Each structure stands twice: as C-alpha cells, then as structure tokens.
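Reader: I'm new to this one. Can you put it up and take me through it?

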Amino acid sequence: MGGGPVTTQTAQSTRYEELARQLTGIGAVKRDLARILPADCPPGAAAVLTVLDRHGEMRLSRLTELMAVDMSVSSRHVTHVAERGWIDRETDPGDARCRILRLNPAGRAVLAELGSRYTVALERALADWSPEDVDALNTLLARLRSSF
C-alpha cells in the first residue's frame, strides 16, 4: 500500500535537484562577496581584470567570449577599467582596427587587493569550519568546475 523503496533513479534525481538548489545558493554567496568590492571596482570590472590575468593579453572579442557576455557589456567594463588606468589598450599590430587589452601593474595591484578582501571574507564566514572541511570543499569545487 504505501510507498515501497525509493528507486535508484528517483534518489539520483533528487540528489541532482538538491545540487541544483545548492548551486543556486552559491549565487547568493557570490553576491555577498561582491559587496566587499571597492566602490570603483564593480563585479564586471573585477571580471575583466581576472580574465586578463588568467588568460593574458587579448582582443575585446576574445574577452567578450571568455566572459560570456554581450560585446556592449564587455566594452563598458573595459572602458571602466581603462579609465582607471588598470589596463592598457594598444593597437593590434596585426589589425590596426583592433585593440589589444593588457593588464598592467596598477590592475595587478587592484586584483591583489580584491583577492585579499575575498580571502578575509571567506576566512570570517568559514571560521567555524575545520581545515579538512575547507580542503574538501576546495577539492569538490575544483572537480565540479573541471566537469564542465
């Protein structure tokens, strides 16, 4: 009469539904972390600096692709960081119509500050976690990223 054993497929489906809910919650964590950014470095600007740091110099079209945003959005963020002197925009020697974007020392300093702010915020938020739990989270999140 009442429910028999839960099927493996139902348990697996429920497991992934819970994972989807948890990942949605990560968005809230990211929004909270964005609140610690300096007023002159909104999340989009921080993303430009991070992508240039991780991937090196590039054209705006490549940056747009890596950020997975519209060209107008990436252009606006690039203008923001360029006006603050955090990146250099130089004419592409292969195509004078294009610019090469390059992170400069001022941009690296901003990234270092952002990294420090994030680290302090995470240390505070996870102060009651064991080192093993933090290590496990790092391992699992890296594994999740590599799955996509």
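Reader: Is Arg31 buried or exposed?

Author: Arg31 is exposed, with a relative accessible area of 52%. Buried means under 20% relative accessible area, exposed over 50%, and partly exposed in between, using a 1.4 Å probe and protein chains only. This is a predicted model: local features need pLDDT of at least 70, side-chain atom pairs count only at pLDDT 80 or more, and totals for chains, interfaces and linings use all residues. Residues are numbered from 1 along each chain as its sequence is written, and side-chain values use heavy atoms, leaving out hydrogens and water.

Reader: Where does Arg31 sit?

Author: Arg31 is in helix H1. Helices (H or I, at least four residues) and strands (E, at least two) are DSSP runs, numbered from the N terminus. The C-alpha atom of Arg31 is 9.1 Å from that of Pro43, and the two residues are 12 apart along the chain.

Reader: Which residues make the nonpolar surface patch?

Author: Tyr16, Leu19, Leu23, Ile26 and Val29 make that patch, which covers about 430 Å². Patches are made of residues with over 30% relative accessible area and no salt bridge; like charges are joined within 9 Å, and nonpolar side chains (Val, Leu, Ile, Met, Phe, Trp, Tyr) within 5 Å. The areas come from the Shrake-Rupley method with a 1.4 Å probe, and for residues only the protein chains shown count as cover. Leu19 belongs to helix H1 and is partly exposed, with 37% relative accessibility.

Reader: Back to salt bridges. How many are in the whole structure?

Author: A search of the whole structure gives 10. One of them joins Arg84 and Glu83 at 4.0 Å, N to O. Arg84 is partly exposed at 36% relative accessible area, while Glu83 is exposed at 62%.

Reader: What about Glu90 and Arg102?

Author: Their side chains meet in a salt bridge of 2.8 Å, N to O. This pair links distant parts of the chain, with Glu90 in strand E2 (residues 87-92) and Arg102 in strand E3 (residues 95-103), 12 residues apart. Glu90 is partly exposed at 37% relative accessible area, and Arg102 is partly exposed at 26%. Glu57 is linked with Glu90 and Arg102 in a network of salt bridges.

Reader: You mentioned strands. What is the order of the strands in the open sheet?

Author: The three strands run in the order E1-E3-E2, with antiparallel pairing. Strands E1 (58-59) and E2 are at the edges with a single partner strand each, so one side of each has no neighbour in the sheet. Two strands pair if DSSP finds at least two bridges between them.

Reader: How many bridges do E2 and E3 pair over?

Author: E2 and E3 pair over six bridges, in the antiparallel sense. A hairpin through two residues joins E2 to E3, and Asp92 has Asp95 in E3 as its bridge partner. E1 and E3 are also antiparallel, over two bridges, and Met58 has Leu101 in E3 as its bridge partner.

Reader: Is Asp95 buried or exposed?

Author: Asp95 counts as buried, at 15% relative accessibility. The side chain of Asp95 makes a polar contact of 2.9 Å with that of Arg97. A polar contact is a pair of N or O atoms within 3.5 Å; within protein, one must be able to donate a hydrogen and the other to accept it, and residues adjacent in sequence count only if both atoms are side-chain atoms.

Reader: One more. Where is Asn104, and what does Asn104 touch?

Author: Asn104 is in the loop between E3 and helix H5 (105-125), and is buried at 7% relative accessible area. Not counting residues up to four places away in sequence, Asn104 touches Gly85, Trp86, Ile87 and Asp88, where contact means heavy atoms within 4.5 Å. The side chain of Asn104 also reaches the backbone nitrogen of Ala106 at 3.1 Å, and a polar atom of that side chain lies 2.9 Å from the backbone nitrogen of Gly107.
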